[in-house]
Amino acid sequence: MGVGAIGDMGAHLIDHTMWALNLGLPTTVETISTPFNGASYPHATLTFYDFPARDSMPPVKLTWYDGGLKPTSPKRLETKS
């Protein structure tokens, strides 16, 4: 069974955020995915991490997008046609 991109490169890409913000362990982790076939990783996932406040730093919500799932663009960045 595989874990997809989060288990392959995700750990390395998220490391910078973890170190820079001194995040430590998350309080919750939730993943939503496309259907899982039991033999391989899903085609797309969204993984949500919640980290508690640290010293004077506020809590952090980190979201991992994978497999073509993308965040929605803020309205102010949308272009008019």
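**Fold, nonpolar core and selected residues of a predicted model**

Threonine 28 is located in strand S1, where strands (E, at least two residues) and helices (H or I, at least four) are DSSP runs numbered from the N terminus. The structure is a predicted model, in which local features need pLDDT of at least 70 and side-chain atom pairs count only at pLDDT 80 or more, whereas totals for chains, interfaces and linings use all residues. Residues are numbered from 1 along each chain as its sequence is written, and side-chain values use heavy atoms, with hydrogens and water left out.

With a relative accessible area of 41%, threonine 28 is partly exposed; on this scale buried means under 20% relative accessible area, exposed over 50%, and partly exposed in between (1.4 Å probe, protein chains only). When neighbours within four places in sequence are left aside, threonine 28 is in contact with Phe48, Tyr49 and Asp50, contact being defined as heavy atoms within 4.5 Å. Between the C-alpha atoms of threonine 28 and leucine 46, which are 18 residues apart along the chain, the separation is 14 Å.

The chain as a whole contains one helix and three strands, and these follow the pattern α-β-β-β when read along the sequence. Its radius of gyration is 15 Å, while a compact globule of 81 residues would have a value near 12 Å; the radius is taken over C-alpha atoms, and the globule rule is 2.2 Å times the number of residues to the power 0.38. Along the principal axes, the C-alpha atoms fill a box of roughly 45 × 45 × 20 Å. Of the 81 residues, 20% count as buried, and among contacts with a separation of 6 or more, 39% involve residues 24 or more positions apart.

In soluble globular proteins, nonpolar side chains tend to be buried together. In this model, the largest nonpolar core consists of seven residues, namely Ile14, Leu23, Tyr49, Phe51, Val60, Leu62 and Trp64. Strand S2 (45-51) and strand S3 (60-66) each supply at least two residues of this core, and S3 gives the most, with three residues. A nonpolar core is here a set of buried Ala, Val, Leu, Ile, Met, Phe, Trp, Tyr and Cys residues joined through side-chain atoms within 4.5 Å. Leaving aside neighbours within four places in sequence, valine 60 is in contact with Leu21, Leu23, Tyr49, Asp50, Phe51 and Arg54.

Threonine 45, which belongs to strand S2, is buried, with a relative accessible area of 10%. Not counting residues up to four places away in sequence, threonine 45 touches Thr31, Ile32, Ser33, Trp64, Tyr65, Asp66 and Leu69.

Positive phi values are found at two residues that are not glycine, asparagine 22 and aspartate 55. Asparagine 22, with phi of about 50°, lies in the loop between helix H1 (4-21) and strand S1 (28-33), and at 46% relative accessibility it counts as partly exposed. Aspartate 55, with phi near 45°, is placed in the loop between S2 and S3, and at 79% relative accessibility it counts as exposed.

The chain carries 6 positive and 7 negative side chains, and the centres of the two sets lie 15 Å apart. In this count Lys and Arg are positive and Asp and Glu negative, with His and the chain ends not counted.

Conventions: The place of a charge is taken as NZ of Lys, CZ of Arg, CG of Asp or CD of Glu.
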